[in-house]
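Colleague: Please take a close look at one part of this model, the packing of its pieces against one another. I would like the contacts in one connected account.

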Amino acid sequence: MTHHHKGKTITQDGQLLLRKAETDQIETVWDRHQAQLPQCGYCELGVSCRVCNMGPCRVDPFGEGPQKGVCGADADIIVARNLGRMIAAGAAAHSDHGRDLVEVLAAVAEGRAPGYAIADPAKLDRVAAEYGIALEGKTAVQVAGELAHAMQEDYGTRKKELTLAGRAPAKRRELWRRLGIMPRGIDRETSEMMHRTHMGVDNGWQSVLLHGLRNALSDGWGGSMIATEVSDILFGTPRPCPTQANVGVLKKDQVNIIVHGHNPVVSETILQACQDPELLALARERGAAGINLAGLCCTGNELLMRHGVPMAGNHLMTELVIATGAVEMMIVDYQCIMPSLGTVAACYHTRMISTSDKARFPGMEHHEFHPPNALEKARQIVRLAVENFASRGESYIPVEPVPAVGGFSVEAVVGALGGSPGPLIEAIKAGRIRGAAGVVGCNNPKIQHDQGHVALVRELIANDVLVVDTGCAAVATAKAGLKTIEALALAGPGLQEVCGALGIPPVLHFGSCVDNVRILVLAAALADALGVDISDLPIAGAAPEWYSEKAVSIGAYFVASGVYTVLGPMPPIAGSANVVKLLTEGLTGAVGAAFAVEPDPNQAAVLMRRHIEAKRRALGLEAIRV
Amino acid sequence: MKKVIVHPERCVGCMQCMLACAAAHSRSGTLLGALGEAPLPRSRIHVGVGAFDEGFPNRCRHCDPAPCMLACLPGAIYRDASSGTVLVDADRCINCASCAMACPYGVIRYHAVWDGPPEKIVAVKCDNCLARQAQGLVPACVEICKSGALTFEAPDRAARRRTDEVARSVSSGAICPPPAPGFALLAAHKRARAEVPAG
């Protein structure tokens, strides 16, 4: 029965599909995690080093074996270098995603991208103005070209400070300058991290970690922020809209197409193709009632935010969604796509399509998308999906979908508040809302699937903390029904009153994982409105089930921006007491925020509430003991 | 006489002992060479996973009397008199698995070995790396273990060290930090993770 799967996931669709996968002899991420146990302690501690070929090296945590790598690096240096490289990889992933969007923007300006257009010209103008681009007498397309060029400059080495870092409060920018961590160029900081962590370069563990913060800031106030802003310009700035979540969004009588990955560049054209009358007619001809597009992970979040496209699941559901046998095609772009998916799909009729020139997968057909051919490619492969409907065997869609509201951009939130963050600030001052929390990040088989997110968020809203979430965390709370007006019944009285008056749920879907920058922008706006720094605000962050290098970068840019952040799983740092102390305590003195690690979501909620109340007290607001 | 001694509290679960063991029991004797051999050599030490996802290096204790030896009807299992090592004669082994049933520790496996009859499945277990010892080397698992979970020493010396550790821990007024604070922190985190109430 499902009994032995209950420890793996709190979701009903997950438990039922794990049973199906077991019957179908599908190996899942949980099986492979079990097979890896015990995981290497040196690597868990961060004290193994593969940087150079005098090694590989490891440091004995018990002190009797080797204490230094061949080069002489001790545990502090090795841990700091490894963590620095995780940040670099995460920042590179987000920022390269942003670059791909800038290239589409440039292609639109050059008339080389027939499937794309400027969907939000007002936002284009606002962002272009931030880049100092004169707007008078120019068409949107001209402005787009100049903006793309200016953003490409942010990726290079000609800037002393990233343009969008100017959105941070003045005090915060001054602090970054003083510490020498103001991000200069998006690619520059990642490249410099790889240089610093080469053998024989930066062997000050503190200076490596400080550069790690700068590298992460080049993601948060650089690459990711560009990704979000350009996505809004090209595809529309999100506004609240109804949607649905969990595997129940698949439809028995329709052609089911899943998009999985992160970049809306491909998935937006798939959405267009799914609405093509000719293809819809073909679907009906083949006996299907229509074409049903659903999302997984963050490319799903991108479509959910802007178009209400339903969400089939988050990271740990990606194999199980295929095991429904109801998916005609899964189309992937990049990031967080498990290389196992092609093997799972081979047991069903599901066609697997990879689309990015930089991301290939075993068992997938490669149909490469580029701006000039994207819409045509999208129509071609949607046609293949429709034709595959006839091959569907038995299917199993075991649950009904859960309703949710998505689409809370900062613009939408401010709009809901009547045009300024004032009402939210008043509610916080009055104590009806104690503060706000950003709950973000992935799934990880080390944590019961979705439990980290859902238990934490339930606890926060019950105690009048407004929650904004993104990525797989946002999908988890949507599936748990927390993104509905009805969920206000689970909120504390103050939050219930404020959100009820505004007509919004207690948990606001802020988008994909690059959209974490929306949280930064909102935090900066709140800080500016109060005339304080971000680190003075009664806010906190959490990544209860994080797994990826991108999450390390996100956590680091949140902390460097002044947001106290609680991690569920332990990062690979415990091998250096110095690094642990710096990240959990020392950073507070430098950037006004630090990390904590707490795998129990109920305890994490206590830590976050305690922090929020302490910040309230410091602002002279009424505070309670937690 | 020196023996391989296991200190489970120091196992970090890296499984390097398993790689080193397999390589040491290959025809080539090297990891890279071993990867191309048929039959592929396999480890005779087995790292298990504990209740809190911690590692435990499980290897033959060379018991005396040895239940496996007593259970072996064809008399394939015997003791090397000089070292006390319990060994398997691959020619005599009939692959009946009686030894595995008798073994309290589950450290006997069945597969072909390069130095046994070709393609014959036989009982395979730790041989204390007698061939390496003859060349003046310590057993491969001990050589590779950098956390001190496996040592090669006289049992009375190991016991004396342990006795001293215990004595220091009960010294009145003495502060005994854990030998590896980072590892203790990681272990505490894993324990906490395992004890989070399920939703």
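Modeller: What follows goes from the interface between the chains to the helix pairs and then to the domains.

The model is predicted, and the predictor gives the complex an ipTM of 0.80 together with a pTM of 0.93. For chain B the mean pLDDT is 94, and 100% of the residues of chain B reach 70 or more.

At the interface, 32 residues of chain A are in contact with 26 residues of chain B. On the side of chain A that touches chain B, the elements that give two or more residues are α3 (41-45) and α18 (451-462) of chain A. Of the elements there, α3(A) gives the most, with four residues. By class, this side of chain A divides into 16 nonpolar, nine polar and seven charged residues.

The crossing in which α18(A) passes α19(A) is right-handed. From α18(A), His453(A), Val454(A) and Val457(A) take part; they meet Ala473(A), Ala476(A) and Thr477(A) in α19(A). This contact of α18(A) with α19(A) has four nonpolar and two polar residues, and no charged ones.

The crossing of α4(A) past α8(A) is left-handed. On the α4(A) side, the contact is made by Gly84(A), Arg85(A), Ile87(A), Ala88(A), Ala91(A), Ala92(A) and Ser95(A). The α8(A) side supplies Ile186(A), Asp187(A), Glu189(A), Thr190(A), Met193(A), Met194(A) and Arg196(A). By class, the contact of α4(A) with α8(A) comes to seven nonpolar, three polar and four charged residues.

Next come the domains. In chain A the domain assignment gives domain 1 (3-58), domain 2 (75-235), domain 3 (247-391) and domain 4 (407-618). Domain 1 of chain A and domain 3 of chain A have C-alpha centres 26 Å apart, and eleven residues of domain 1 of chain A are in contact with eleven residues of domain 3 of chain A. Helix α1 (residues 12-23) of chain A gives the most to the domain 1 side of this contact, with six residues. That side, by class, has five nonpolar, three polar and three charged residues.

For chain B the assignment gives domain 1 (1-59 + 127-159 + 177-199) and domain 2 (60-125). The C-alpha centres of these two domains of chain B lie 21 Å apart. Their contact takes 13 residues from domain 1 of chain B and 15 residues from domain 2 of chain B. The side of domain 1 of chain B that touches domain 2 of chain B has three nonpolar, four polar and six charged residues.

Technical notes
Residues numbered from 1 in each chain as written. Chains lettered and ligands numbered in written order. Predicted model: local features only at pLDDT ≥ 70, side-chain atom pairs only at ≥ 80, totals over all residues. Domains from an automatic or database assignment. Contact = placed C-beta atoms within 7 Å. Nonpolar A, V, L, I, M, F, W, Y, C, P; charged D, E, K, R; others polar. Left-handed = near helix turned anticlockwise from the far one by under 90°. pLDDT = per-residue confidence, 0-100.
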